[in-house]
Amino acid sequence: MVPSKPSPVNSSPLAYMISVRILEENANLIKFTLLHVHFSLQLVLSESFSHREDIGSLDDAGRDPSEKDPDEDDDAIPDDAFFDALPPDDPDEPDRPLYDGAPLTVHQSSTLLMAFIIRHNLTGAAAQDLLQLVNEHLPVPSVVGSNYLLRKFSMPHMDEDIVYHAYCYNCSSYLGSGDELACDTCGENTTMPSAVKRGHFFVALSLRSQLRSLLENPSLCAKLNVGGNADRDGETIQDVTDGTLHRQTVGPDEISLTFNSDGISAFQSTTGSIWPILCTLNELPPKVRQKHIMLAGIWFGNGKPNMQVYLKAFVSECEALNGIEWQNPVTQHILNTKAFGIMCSCDSVARCQLQGLVQFNGYFGCNWCLHPSERFGGVKHVYPSTDPPHRLRTHPGFVGDAIRARQTGEKQNGVKVDPSLLLVMPRFNMVSGFPVDYMHAVCEGVVDRMVSLWFDSTNNQEPWFIGRRIPEIDERIKRIVPPAEVTRLPASPTKRAFWKASEFRCWLLFYMLPILNGILPVPFLKHVSLLVQSIWLLTKAKVTRPDVAAARALLVKFVRNAGRLYGPQHMTYNNHILLHLADTVNNCGPLWASSCFIFEGYNRKLKSLFHGTRGVTHQIVKNFVIVQELGKRLDKMGPETPPGVVKMMETLLRGYPLLPSVTRVEEEHLDVLFHGRGTAFHCDGDVNACLTEYFREPLCNLNIQEYSKASGSGITYERSRPGRRSRRADDIVAFGPADLGRIRHILQVELDEERAVVMVVQPLLVEANSIPVDIDATVEHILVVKEEPLLPPLVLSLSSSYTKCVQITVEDTCGWNERIVSSPNTEATIIDYAHRPS
């Protein structure tokens, strides 16, 4: 719905016309006009979102800069003379009200507008119009044309935290980061502006500075788990810090990083790709670290970067992290902390380049063992299962292969002649430091391939083909009711070409077995159940050592039987590296903790930080720094800041608004959001009895309010509404290994000055495992349940978190039965950008 057109302000036709244009594009701007804000830093908007490149007239798409793109607007490239004509402001002037009597200061107004531009990805032309519009709504318009004030106010440390590096135009050798550059290999002389203009450069950002900002953040410092979980017995694996790699590498007063690099397609019409280096701090909790991803470097160009060149600055930066001086925001003590990059999470294509190993489709292409692989049909490499398995790679063995390859000029066990620069990175293990990424290897690898085998019409003569039963499968899919955390509703296998990794994951863990039971022939159903159970075990919130051992045995059986059931041509690389998943969990934590899901999600954010095809690298880097600065300013906003400013800043940086009718209850050990308004609670007999027993007080002494929906520990729960049909439901929870219930009431209970939030849950009767065939694996998380009203209700406190479940209704010989599928963990909902039920 387009908002109604605004009336002219101060009888200005210009303000009226611009108001109509902007408000029709984005109705959220109404909030800004109501606040009467003004962006005094006009230059940051026009420069950050224009298509200009400060260090050269570069077209990152590889086009002639003189050629005009019909989709580009001349208004998006402001004339420098426009800024020079503006009256200069005093850069040392303190913060002042926007105008006499204004509720906002200039700095607050600037911060809000910068956040608005970043959040809504406005072009330079839209930013210009926005500034002019806001000025027209102010009694005294004010603009700034000082470039010095821009850098001092918005990005005070940008020059020292961003470094441009060049490589040779002729031979691609690394040149350095100075102004005058000379190639030691071919003798070519050049300058940094010339290298940037040709597109032969990459950018490095200071990891030291970003880490210091995280460590000195008061809210993050309290959650920091420096040194890992040394107090645990080692039998339970809950995060990266519980893995063998972290325990053996990181000391008690040290911190560690997980880094990632992968290509992102920048445009649909050209081959240009972006390769960022992203880092996360392992000592932060999973829910927190995915919100604070660091950008260590970025490369843009056609094809792939030369990792021997691109990694040079990153490795040098990691070598210099042997002492980060920072001030503890709580104790005010000055500390010196060492940081190390210990893990690299990436897909198979990037892993080969980063590790300095041959591609996975070459001889000795496995990154974790010395399987030589074989050629099948003369066109592809396969990895037949062997007994005993091939010898595992080790870090000393990898280093020895790299040395021999360098000496002989020939590959050694797949290790290339030019060794990876990661070999010299402090404390980095070249084998166990690379976990198997289950997002690419399992979800988009093995699962995608198996779904194609079952439904692709080219296999219509094979015993596993079930493409003719698509209508029956689609009917079952319509009866799947996932919780709200599953952002994409289940889709038909006929649309599998458009599935995302999260959809393949849901298909594997939740949908596949109940939907295909009775449709996929029993031998193939039994076979795939091995994969379902093993991945479920390795993605739990708390993985035990017996879980890892059980999953290892299941995966060995799955891999061995794959060749017998589907043929040796399907013993692919992805199928083979399933054998290394158990070692990945032992070394690096549960599969969700070392997967690429959070990095892939952040790559999408990076794509929103540039416009057009010119100056892509510069735009991304500059706008990334702005986003970081906005976060710092939000943290520094004190009680004197108007509440509306803080709320809107949080909304803009979060990317979505909180519901207007949300009430927060925040006390010790309790942080709950209520959705909607509370109503008086009217209970019946059985609920009355269980509440009285739980609180040990007559209900007449309790003040009870009932709510339809509440969120606790980041998980949303909703009371059941009989007769209501919906494609999503949040009313089934698991509170034990086989204890499930349907939420009847969500209550806030007050007694004297104490307050509690509880759910009244009606237990469900668990009848059996959902797969009534003689399978080799007991699929623990898929259960057949039924309503049993005679069971007494239970009271659960929302100070704890509970697993939510997927509901699937499937018809069998007994009629329509309900299957309940529980998620393996709650942490993965956050770490995987809310694609997994929690």
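Me: Is D686 buried or exposed, or something in between?

Reply: Keep in mind that this is a predicted model. The idea is to look at relative accessible area: under 20% is buried, over 50% is exposed, and partly exposed lies in between. D686 has a relative accessible area of 33%, so it's partly exposed.

Me: Okay, and which side chain does D686 meet in a salt bridge?

Reply: General idea first: side chains of opposite charge can pair when their charged atoms come close. Here D686 meets R744, at 3.1 Å from N to O. D686 sits in helix 27 and R744 in strand 24, so the pair links parts 58 residues apart in sequence. As for R744, its relative accessibility is 22%, so it also counts as partly exposed.

Me: What does E787 form a salt bridge with?

Reply: That one is with R742, and the closest N and O atoms are 2.7 Å apart. E787 belongs to strand 26 and R742 to strand 24, so parts 45 residues apart in sequence get tied together. Now use the cut-offs again: E787, at 41% relative accessibility, is partly exposed, while R742, at 14%, is buried.

Me: Got it. How far apart in sequence are the parts that R427 and E254 tie together?

Reply: Start with the contact: their side chains meet in a salt bridge at 2.6 Å, N to O. R427 is in the loop between helix 16 and helix 17, and E254 is in strand 7, so this pair ties together parts 173 residues apart in sequence. R427 is partly exposed at 37%, whereas E254 is buried at 12%.

Me: How many salt bridges does the count come to?

Reply: It comes to 17 salt bridges. Salt bridges can also share partners, and that's how R469, E472 and R476 are joined into one network.

How values were computed:
Residues numbered from 1 in each chain as written. Predicted model: local features only at pLDDT ≥ 70, side-chain atom pairs only at ≥ 80, totals over all residues. Heavy atoms only, no water. Salt bridge = Lys/Arg side-chain N within 4 Å of Asp/Glu carboxyl O. Helix = DSSP H or I, 4+ residues; strand = E, 2+ residues; numbered from the N terminus. Buried < 20%, exposed > 50% of the residue type's maximum accessible area, 1.4 Å probe, protein only.
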